[in-house]
Amino acid sequence: MQAALVAAGIFVSRVLGLVRESLKARYLGASGSIVADAFSAAFRIPNLLQNLFGEGALSASFIPVYSNLLAQGKREEADKVAGAIATLLGLVTAILVLLGVVSAPLLVDVIARGFEGERRDLTIQLTRILFPGAALFVYSAWCLGILNSHRRFFLSYAAPVAWNGVMIAVLLVSRADEPAMLAVKVAWASVAGAALQALVQVPTVLSVAKSMRLGSMSLDANVREVVRNFVPAFFSRGVVQVSSYVDQLIASLLPVGSVALLSYGQAITLLPISLFGMSISASELPEMSSATGDAAANAAHIRERLQSGLKRIAFFVVPSAAAFLILGDVLVAALYQRGRFTFADTWITWGILMAASVGLMASTMGRMYSSAFYAMRDTRTPLRFAIVRVTIAALGGWVFATRAPGWVGLPAESGTAALTLWSGVAAGIEFALLRRKLRSAIGATGVATGRMAVLWMAALASAGIGFYVKLNVSASPLIAAVAVFSAYGVSYFALTAAFGVETSVATIKRLSRIGR
């Protein structure tokens, strides 16, 4: 139920996120668009604070300590920790935002090294506008940590609806503006939306943490533990984001529009990672962290929660990967193919989705394994393996993206797909290392081979049905997508239910009761 609430919140916010990306693609374009490249690059740079400092490291270091105190009935002590962390966040993020605004030219040269002239200047301008909003995202992550620990999951994950909603409104109202001016307005809208996203969570946070005092500088043992675990978690929890920054740096060396195309593709590939990997791992982290028995009992508890989460992830991520591989063009066309986003852009983006399908399972399951380590207060093991992943992704990604297309006679634009493919390989290596290391601590884990075979067989057969529908439906991209994915989804649930997969059987039973 808790994972369902997280998934519901993420689903609503991600759907609006895709609407935002669709409008952005329509009005800013992709291939050959300097403005689209600049906005996509600038949008990522200040979000480093949100993705790593906030949602990543803060959740991994703060939630285990805060949840464990609540489980022991030490509510006042837990709220004291929350207040101290909020104060520290205010000081640190204020400094980082100031540094970010001042050093924007340097950051752009590092993250988007291939940008020059007008593209570089616009990226710097947009980065400076967006940076203050990053501090607000960090406070949203602090709210998320408190609400998740109190099992209030939906609000914190649905709050980005406010952020996306403000940007969507500006895109629609100002769509006739010149692209560079529109990009500036959307950047300011992002900052306003970030403030709204944080504010909508504050009343509920204050209602569950009644004894919390903001402004406290207490550095007791619990606060020190959060701070001590923060640094390794900063890198390891946000490895997906770190890898995406490396990907963007490499993409900036490819033809104009490659950064934007990579961004559009990643917006789609991150949907199942967020919707299933993040929702399940986020709901399980407080549960795994609440274990208060001896070492053997805690290990058994963590293994049980981990196994349950992995099964649920596999059920949803396998069909996602199959859809990207076989039906990705339908999805991309429905979301983006209009206005300045062309048919050729759709095919390049589909190539990115096909490449992403290789590492999709590893990326989502890897989040669960990292959460298990965080529940055991071990943030350093995921850090070591994250370093391995990013190093492999960076070195191999540069070769694959900038050299491999020429070796096989493909256009340079296809380097974005090659880059994504190698990132998936690196994610698979990290996942294997995490699983092997955790086995020595809590025993063997993972989804049974037979179950995986059933899921893949059902997904590929259902994708074949969807492909047949695609070939025989003549309609607009949106209508075609509804027809194709309706056939695909129904077929997948029917086949997995026929093989007795419990997730599918339980879902069908719930739907049948609702229909009565």
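**Helix crossing.** I looked up how α19 passes α20 and recorded a right-handed crossing (the near helix is turned clockwise from the far one by less than a right angle). The axes of α19 (residues 449–472) and α20 (residues 477–498) come within 8 Å and cross at roughly 150 degrees. I therefore noted α19 as roughly antiparallel to α20, a term for angles over 145 degrees. Axes are lines fitted to C-alpha atoms over the stretch in contact, with angles from 0 to 180 degrees between N-to-C directions. Helices are DSSP runs (H or I) of at least four residues, numbered from the N terminus.

**Basis.** I worked from a predicted model, in which local features need pLDDT of at least 70, side-chain atom pairs count only at pLDDT 80 or more, and totals for chains, interfaces and linings use all residues. Residues are numbered from 1 along each chain as its sequence is written, and side-chain values use heavy atoms, without hydrogens and water.

**Salt bridges.** I searched the whole structure and found 8 salt bridges (a side-chain nitrogen of Lys or Arg within 4 Å of a carboxyl oxygen of Asp or Glu). One of them joins K470 and D329, with the closest N and O atoms 3.2 Å apart. K470 lies in α19 and D329 in α14 (residues 295–336), so this pair ties together parts 141 residues apart in sequence. I listed D329 as buried, at 15% relative accessibility (buried is under 20%, exposed over 50%, partly exposed in between, with a 1.4 Å probe and protein chains only). D177 forms a salt bridge with K185, at 2.6 Å between the closest N and O atoms. D177 is partly exposed at 25%, and K185 is partly exposed at 33%.

Methods. Helices (H or I, at least four residues) and strands (E, at least two) are DSSP runs, numbered from the N terminus. Angles under 35 degrees count as roughly parallel, over 145 as roughly antiparallel, 65 to 115 as roughly perpendicular and the rest as oblique.
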